[in-house]
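Please keep the sequence and the model at hand while reading.

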Amino acid sequence: MKEIGGRFGTSVLTYFLFLKWLLMFNVVSFLINFGFITIPLLVYDHSPNIPEGVSFRGLELLTGAGYFNYSVLYYGSYSNETLVGLVAYDMKLAYFFTISLYMVLCGIALIFSMAKSFKKNYVLADPASNSAWQLLCTWDFSVTNERAVKQRKNNLSVQLKESLSEGAQKEMLTLSEKMKHFGVHLGSWLLSTGLAFGCGAGIYFLCQYEQQSTTDESSWTPLQEAQTLLVPFIVSLMNLVVPLFYALFKKFEVYSSQRKQIYALVVRNVLFKMSILAVLCYYWMHVVAKKFSCWESMVGQALYRLVFFDFLFLLLGSFFGEFLSNLIGRKLLPSLGVPEFDVARNVFELIYAQTLSWIGIYFSPLLPAIQILKCFILFYVKKVSLAQNCQPPQRTGRAAQMQTILIALLFFPSFVGALSIVAYTAWSLTPSEQCGPFRGQNNTFSAVGVWIEDLQQIPGSQWAVWIYHHVIRSEVFYFFLALIVIIIIYIFWQVTQGRKLLIAQLRQQIINEGKDKSFLLDKLQNLQKSNQYVKQKHPNKRTNWRSKDLPKGDQSEAMAQALLAKQMFEEEERSSSGGVPVPADIPTSSALLQAMLARQRAEDGEFEVHRMPDMHLSSSSAVAQAMQARQASLTRDSDQDYSGTGFFGDTSSAVVQAMRARQTAEDSLSYSGSDVMTQVMQARQRAEESLQDSAPAGPSALIQAMLARQQAQNEYDDGY
């Protein structure tokens, strides 16, 4: 498997994985049928009931008649008796419940596989555009061959060009071109549909012709037995030729995308194969069932011949369709090139063969054994043919979603159609009177009714009888069951829609967060650029304003501001002399506020100093007033050092006054020189140190003021 995937990619690997899955599927079905139907009969009756004069001639391998007709391969060889041994084993119930259990298990397995694959590859898949998917997710990392890698690079570039030009092609088409394409598509669909129905009608008339010259199998001559090969030969030949004819439509059909072309080919092939099977089933149910005495075995033989000839044509297709094409493309006509491995056509052949196996499970319980042998041989034949004769497909699709489509096609119409045929046979058709486990019954399901009547005579089994009459045979039960299933499906659909909406919102949130981060990065880059510009414009800004000499000039405005600060300080001191305590939280918040305001004004003052270097405003008087304010606060604190009741209020008031004095001084120094700023800050530092030394009983406000000052100073220094 790794070799196939590494050389040809996952699209080709999907075919072999699907073939392997079908092989395991048929192994399970064979074990179920062989274990519950065939083994009990062989244990009860060791020797088959073969009439005298009937021997194995070899022709039975092709026709399935003759010696095989009396073996356990077909329905007619099974007994309708209750086998008596260690336990009583009713063959009618064993046959009915085994077939029913097998079909139910197949349906459940297909539903769960399809739902899981659909959820993974469609519901939770990113609905990205086709171009984005091709660019980011289309590379197959399992490819290791150098030639395949180069080819996939070219394929990727071509697909990107096609996907980008797809929308432009739609817009560039004129009305006449659109009408022309519509006419071509309509003609192709009419031709393909007519061909499918024509082949179905031809098969029906061919079956009618075969029926006119056919009698019961017991009186067949070798020539009559060989004539039965005509219908399976024609059907297999049609299944080989018609899909190749459908593939030629792409030469003149124009689709906007390769995906639509593949879907059209899928629908045409499914319609063709299902129409042939529908005609054959109608012929078996309405013609063969009325003419032959053991019609179930006759239908089983017909299905055996179809399976066998389909296998032969698959082998011939691998030889003529791949080996000869490779030989012609390499030796005779190099322009044709090496043929590709057609994944779609080969997959349809597997689905068709599995459909035949499901239909024949009722008429030939051991038909899965033939299907197992067929899948096993086909796996190695296709593997050798792929390695020797084929090249990787030029166009690759989504392998995961392709597998989902394969399982969906296997479920509908393949499994659903086969289940319908088996159910119709069990409920509506009358079993043969001379053979089979249900001989003498009105229908197959009547065996369950006979068993329920026998249960009525057994004490303690009335509950099973009541369930049979009031639940299983009640239409109301199935109505409510269908209603519950519909409600559950609707609930899960709503949950899925909600999850889709949530996923869309989360994706939009991720996009918005990305935009926010991009916006913040742009702001940060702009801030860094502005800081670099300031540093380039004032490279020695921080050191110069401390080292400049004090400029001289008009002092009237600074003097007035300093006197005003002194007056405000004295009024505050007189108002607080009464000893009214101030709460502890007021000094803390005031100190913090004053420190922040002082820091802001100091920065503004520094900025103005650098903006207007020609202004020469002396501030010696302001310095003197600030020093006097500090001295007054120290004197007042020393007087109140040992007063118990008003200490906290006085200490905090001193801090407030010192901060206000500093603020007033800084306001007056906003246009002064740098040495004045230095002196004011040193005065403030000494005042706070003195307050800390003189007030050990009130550390909270002082510590917070110092922390505020330190934080303001750090931020002030970091501004440069």
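Among the contacts in the chain with a separation of 6 or more, 79% are between residues 24 or more positions apart, where contact means heavy atoms within 4.5 Å. The model is a predicted one, in which local features need pLDDT of at least 70 and side-chain atom pairs count only at pLDDT 80 or more, while totals for chains, interfaces and linings use all residues. Residues are numbered from 1 along each chain as its sequence is written, and side-chain values use heavy atoms, with hydrogens and water left out.

The chain has 24 helices and two strands, which are DSSP runs numbered from the N terminus (H or I with at least four residues for helices, E with at least two for strands). Of its 720 residues, 42% count as buried; buried means under 20% relative accessible area, exposed over 50%, and partly exposed in between, with a 1.4 Å probe and protein chains only.

**The nonpolar core**

The largest nonpolar core has 102 residues, of which Y15, W284, W295 and W358 touch the most other members. Helix α10 (residues 258-291) gives the most to this core, with 13 residues. Such a core is a set of buried Ala, Val, Leu, Ile, Met, Phe, Trp, Tyr and Cys residues joined through side-chain atoms within 4.5 Å. When neighbours within four places in sequence are left aside, W295 is in contact with M285, V288, A289, F363, T425, L429, T430, P431 and S432. K290 lies in helix α10 and counts as exposed because its relative accessibility is 68%.

**Packed helix pairs**

Two packed helices are described by the angle between their axes and the distance between the axes. The axes here are lines fitted to C-alpha atoms, for helices over the stretch in contact, and the angles run from 0 to 180 degrees between N-to-C directions.

| Helix pair | Axis distance | Angle |
|---|---|---|
| α12 (residues 343-359) and α13 (residues 367-389) | within 10 Å | roughly 165 degrees |
| α7 (residues 175-212) and α9 (residues 230-247) | within 11 Å | roughly 170 degrees |
| α15 (residues 446-455) and α16 (residues 462-472) | 9 Å | about 145 degrees |

The axes of α12 and α13 cross at roughly 165 degrees, which makes α12 roughly antiparallel to α13. Angles under 35 degrees count as roughly parallel, over 145 as roughly antiparallel, 65 to 115 as roughly perpendicular and the rest as oblique. In this contact N346, L350, A353, Q354, L356 and S357 of α12 meet L367, P368, Q371, K374, L378 and K382 of α13. By class, these residues are six nonpolar, four polar and two charged; Ala, Val, Leu, Ile, Met, Phe, Trp, Tyr, Cys and Pro count as nonpolar, Asp, Glu, Lys and Arg as charged, and the others, Gly among them, as polar.

For α7 and α9, the axes cross at roughly 170 degrees, and the two helices are therefore roughly antiparallel to each other. The residues of α7 that take part include L191, L195, I203 and E210, and those of α9 include L230, I234, M238 and Y246. The contact of α7 with α9 divides into 15 nonpolar residues, one polar and one charged.

The contact between α15 and α16 is made by V448, G449, I452 and L455 of α15 together with A464, V465, Y468 and H469 of α16. It has six nonpolar, two polar and no charged residues.

Beyond its neighbours within four places in sequence, T355 is in contact with L277, S414 and A418. T355 and S414 are 59 residues apart in sequence, and their C-alpha atoms are 5.4 Å apart in space.

**A cis peptide bond**

Most residues other than glycine have a negative phi, and most peptide bonds are trans. F412 and P413, however, are joined by a cis peptide bond with omega about 10 degrees, and P413 has its place in helix α14 (residues 399-428).
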